[in-house]
Amino acid sequence: MRVLLQAHVDTEKANEVIRSGKMPQVMQEIMEAFKPEASYFGPDNGVRTMFLVFDMQDSSQLPPLTEQLFQNFGARVDYTPVMNFEDLQKGLSQIR
């Protein structure tokens, strides 16, 4: 299932990771774990936020994926099922 992850990052925790010089490594590890089809980064509600669209094969992926964000960034994380246009068309064709 295609999922949109929104991770709202704690500013002080992120600042610590940046100051330590580990931010590039941590972000690389996150990207390798999620393997997103799209990723965006910017402010949302006044805090650093990452938006990742990825394919979740099984709900058992939630703990290992999310834990990185909690531990490294003290993040507040939301997952939302999403569709691309092709998925929407396929779904709409099933409505009668």
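User: Is K35 buried or exposed?

Analyst: K35 counts as exposed, because its relative accessibility is 63%, where buried means under 20% relative accessible area, exposed over 50% and partly exposed in between, with a 1.4 Å probe and protein chains only. Please note that this is a predicted model, in which local features need pLDDT of at least 70, side-chain atom pairs count only at pLDDT 80 or more, and totals for chains, interfaces and linings use all residues. Residues are numbered from 1 along each chain as its sequence is written, and side-chain values use heavy atoms, with hydrogens and water left out.

User: Where does K35 sit, and what is its phi?

Analyst: K35 lies in the loop between α2 (23–34) and β2 (38–44), helices (H or I, at least four residues) and strands (E, at least two) being DSSP runs numbered from the N terminus. Although K35 is not a glycine, its phi is positive, at about 50 degrees.

User: OK, next the hairpin. How many bridges join β2 to β3?

Analyst: The antiparallel strands β2 and β3 are joined by 7 bridges; two strands pair if DSSP finds at least two bridges between them. Y40 has F51 in β3 as its bridge partner.

User: And what about N45 in that hairpin?

Analyst: The hairpin has 2 residues between the strands, and N45 takes a positive phi near 55 degrees there, although N45 is not a glycine. N45 is exposed, with a relative accessible area of 66%.

User: Switching to aromatics, how many pairs does a search of the whole structure find?

Analyst: The search finds 2 aromatic pairs, counting rings of Phe, Tyr and Trp (its six-membered ring) whose centres lie within 6.5 Å, with planes under 30 degrees apart called stacked, over 60 edge-to-face and the rest tilted. One of them is the edge-to-face pair of F34 and F54, at 5.0 Å centre to centre and 80 degrees between the planes. Since F34 lies in helix α2 and F54 in strand β3, this pair ties together parts that are 20 residues apart in sequence.

User: Which residue does F54 pair with besides that?

Analyst: F54 also forms an edge-to-face pair with Y79, at 6.3 Å centre to centre and 70 degrees between the planes. That pair links F54 in strand β3 to Y79 in strand β4 (residues 76–81), 25 residues apart, and ring pairs thus link F34, F54 and Y79 into a cluster.

User: Which of these are buried, and which partly exposed?

Analyst: F34 and F54 are both buried, F54 having 1% relative accessibility, whereas Y79 is partly exposed, with a relative accessible area of 25%.
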